[in-house]
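Work through the exercises below with the sequence and the coordinates at hand. Each task is followed by a solution in steps.

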Amino acid sequence: MTEPLDWRFSQTFGGKGNEDASDADVVSAIEFDQTGDFIAVGDRGGRVLLLERTHDKQSSKKSKLPEYRFYSEFQSHEPEFDYLKSLEIEEKINKIKWCPKQNDAQFLLTTNDKTIKLWKVYEKKIKQVSTSATTTGPSYNGSLASNNTRSPSHTTYIYNSSGAHNMNNNMNNNNNNLNSFKIPKLTTRETVVTATPRKIFQNAHAYHINSISLNSDGETYISSDDLRIHLWNLNINTECFNVVDIKPTNMEDLTEVITSAEFHPTSCNIFMYSSSKGTIKLGDLRSSALCDNHAKVFEEYEDPSNKSFFSEIISSISDIKFSRDGRYILSRDFLTLKLWDINMENKPVKTIQIHDYLKPKLCDLYENDCIFDKFECTLNHDGTQMLTGSYHNYLHIYDRNSKQDVCLEASKQATKSKTKTLTTKMKLRSSKKEPKKPEDIHPDAIEYTKKTLHCAWHPKDNLIAVGAANTVYLYAATENK
């Protein structure tokens, strides 16, 4: 059995606490790019913050933990109003997805409830004309003076007793005038990071957009709302193709909604979407253009005797992710984290209880609407580590190999002790080190206003980013030796 990873706090960005957080500053989306050198963070105010990884050798010698710094920030969406439906459209960023890099420019998709935008982020050089420097003789005598002297038709020759001497004086004066010319030069004053919208995809979704996912071909992507999934081309914003439509003829017959959707990481024709009934459906674009008839459905049988008023609510899937090889599917509902094998549809290969201790509190959570919170989930590069969030700013990292569940608390107290003392904040559920049982966490001591809904994993390294209120926390792990 492999040794568990030693997770340590790395960095924090944003506010210092929940009490200082305004609603516009609350983190609503986090995403690493394909290289892991950039992190995009969206908030409820419609802004996108970009962080860049530093590759400074001096800082790497002092600390082995990766470091990121501020790169750019821009306003992605503004609040709008739908006059036909008399509805306000929030500027909140629901999802961010990075597109393949082109030349020296970064491209990313951002979306709010109705509009998707393709942004180009690049470094723009601001140039100015400089005329302060005066040209010097040696650099121009051999070229400029010889090529730009006046032609014989424009040169005045005075012939007298000393005609040759006067002509030589005129030539010398012309050379002196050329040497004193001020030649304007273009110089780079500064380099600024600029974000410009390249395409705007709008007027296609009648309901709120909950997911966008880029295809492996790098040219198309899907966007999903509560009842439909559309297929777009990144270069065409005037049309899209409907690939899933579960809207019934009579809305009174509506029994489920789409909660999340994602493309397969390697097969450009396969995608999946989850529903509020706790099912995951796999669609194949090769079978038909409209994938209402799914190719596979992943659903776990539930004993009818265990059903209650909250069964359908807590079984609703809030997020789904493919592993990078496309073999496994990770899903998150309110209480559990499930890992599915794409070849086995009847039950998950692993079910992890995230906060099973909240079952007695479901009635209270229903009253304060916390039962409808949507927690995200993600996997590492090889699919052996799984990450999701919880209440009280807890985040759970489950290791498939060591069968260990590491529970970290993202808080401002943890950031004060950056290195060794941080390990006291780590609660390990393991038989080797101080067993942490679910009943040890008392539901009454949990602050339900503190929650880590959004998370992302570095595509190559053991580095995670989680959002809690208006703060982004970075944690890195090293192998125990």
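A disulfide is a pair of cysteine sulfur atoms within 2.5 Å. The model is a predicted one.

**Exercise 1.** Find how many disulfides this rule gives, and classify Cys 240 and Cys 370 as buried, partly exposed or exposed.

Solution. The count comes to zero disulfides. For the second part, buried means under 20% relative accessible area and exposed over 50%. Cys 240 has 25%, so Cys 240 is partly exposed. Cys 370 has 8%, so Cys 370 is buried.

**Exercise 2.** Identify which residues of the largest nonpolar core touch the most other members, and which strands supply at least two residues each.

Solution. The core has 17 residues, and those touching the most other members are Trp 7, Leu 387, Leu 395, Ile 397, Ile 464 and Tyr 475. At least two core residues come from each of β1 (5-14), β26 (394-399), β27 (404-409), β29 (454-457), β30 (463-468) and β31 (471-479). A second, separate core of 15 residues includes Cys 370, along with Tyr 357, Phe 375 and Leu 453.

**Exercise 3.** Describe the salt bridge between Arg 44 and Asp 23.

Solution. The closest N and O atoms are 4.0 Å apart. Last, check accessibility: Arg 44 is partly exposed at 32%, and Asp 23 is exposed at 55%.

**Exercise 4.** Are Lys 338 and Asp 333 buried or exposed?

Solution. Lys 338 and Asp 333 form a salt bridge with closest N and O atoms 3.9 Å apart. Both residues are buried.

Key
Residues are numbered from 1 along each chain as its sequence is written. This is a predicted model: local features need pLDDT of at least 70, side-chain atom pairs count only at pLDDT 80 or more; totals for chains, interfaces and linings use all residues. Side-chain values use heavy atoms; hydrogens and water are left out. Buried means under 20% relative accessible area, exposed over 50%, partly exposed in between (1.4 Å probe, protein chains only). A nonpolar core is a set of buried Ala, Val, Leu, Ile, Met, Phe, Trp, Tyr and Cys residues joined through side-chain atoms within 4.5 Å. Helices (H or I, at least four residues) and strands (E, at least two) are DSSP runs, numbered from the N terminus. A salt bridge is a side-chain nitrogen of Lys or Arg within 4 Å of a carboxyl oxygen of Asp or Glu.
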